[in-house]
Amino acid sequence: GVALFPDNAWGQRLHDAFRRFGFGEETGVALPGEASGVLLPRSRPWVQVETATAAFGHGISVTNLQLAMATAAIANGGRLMEPILVRRVQSGTGELVREATPRVRRQAVPASVARTVAEMMIAVTEGNGTGVQARVNGFSVSGKTGTAQKADPRTGRYSQDNYVASFVGFVPARRPVLAMAVTIDEPMVEHSGGAVAAPVF
């Protein structure tokens, strides 16, 4: 048999945390064909290896919009916001037709946790951090690099050649105005998020 965490507690807690940040569900943005990503159902017990690998991103998949929303939640005191594509619609004469109102979907994590994580993310872009190439002159940046192996559908294993490089972050780190997710699919020369996606940020 395969060992499970006692009562699957750690797997359930991790799954619930992913869901609080919006992973495994459509964001509800008003565009057709949106993907929900892949997150194993909570009803099926996660074995130890699934819980461990999901903690660093293997065995799940997320969209770039989900990444941006989750990053913005950290920047926004732990609040996961409803996505807005169009802020305002005006008529040809300048009259307001429709205006979107920012709405909190849920509190993903307590504000104190979000502040702690945001401070930890500053270290990624300073000193010997993996995302120093995401620095912006005159601002502190909170961020996180990502280097993910892609699954190879022919072998059913992770590819040794194809990667997804990413960088998510927000700026200014302590009074955020902009959160962004940069994803580079199958970069050719270098494959790490710090080398490929961070400079784009």
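A salt bridge is taken here as a side-chain nitrogen of Lys or Arg within 4 Å of a carboxyl oxygen of Asp or Glu. The views show a predicted model, in which local features need pLDDT of at least 70 and side-chain atom pairs count only at pLDDT 80 or more, while totals for chains, interfaces and linings use all residues. Residues are numbered from 1 along each chain as its sequence is written, and side-chain values use heavy atoms, leaving out hydrogens and water.

**View 1. Salt bridges around arginine 19.** Arginine 19 forms a salt bridge with glutamate 25, and their closest N and O atoms are 3.2 Å apart. With a relative accessible area of 32%, arginine 19 is partly exposed; buried means under 20%, exposed over 50% and partly exposed in between (1.4 Å probe, protein chains only). A network of salt bridges links Arg19, Glu25 and Arg106. The structure holds eight salt bridges.

**View 2. The pair of arginine 105 and glutamate 82.** A salt bridge joins the side chains of arginine 105 and glutamate 82 at 2.6 Å, N to O. Because arginine 105 lies in strand β4 (residues 104-107) and glutamate 82 in the loop between β1 and β2, the pair ties together parts that are 23 residues apart in sequence. Helices (H or I, at least four residues) and strands (E, at least two) are DSSP runs, numbered from the N terminus. Arginine 105 is partly exposed at 23% relative accessibility, and glutamate 82 is partly exposed at 33%.

**View 3. The pair of lysine 150 and glutamate 186.** In this salt bridge the side chains of lysine 150 and glutamate 186 meet at 2.9 Å, N to O. Lysine 150 is in strand β5 and glutamate 186 in the loop between β7 (178-185) and α5 (193-196), so the pair ties together parts that are 36 residues apart in sequence. Lysine 150 has a relative accessible area of 23% and is partly exposed; glutamate 186, at 37%, is also partly exposed.

View 4. Glutamate 26 sits in the loop between α1 (9-20) and α2 (48-54) and is partly exposed, its relative accessible area being 48%. Apart from neighbours within four places in sequence, glutamate 26 is in contact (heavy atoms within 4.5 Å) with Glu34, Ala35, Ser36 and Arg105. Leucine 65 is 39 residues from glutamate 26 in sequence, with 9.6 Å between their C-alpha atoms.

**View 5. Helix α4 and its cover.** The 12 residues of α4 (residues 111-122) should span 16 Å at 1.5 Å a residue, and the end C-alpha atoms are 17 Å apart, which agrees; the expected span is 1.5 Å times one less than the number of residues. Ala114, Ala118, Met121 and Ile122 of α4 are buried. These residues cover an arc of only 105° around the axis, which puts them on the same side of α4; the arc is that of the directions from the helix axis to the C-beta atoms. Their cover includes α3 (64-75), β5 (142-152) and β6 (157-171).

**View 6. Helix α3.** From first to last C-alpha, the 12 residues of α3 reach 17 Å, close to the 16 Å expected at 1.5 Å a residue. Buried in α3 are Gln66, Met69, Ala70, Thr71, Ala73 and Ile74. The buried residues of α3 pack against β1, β4, α4 and β6.
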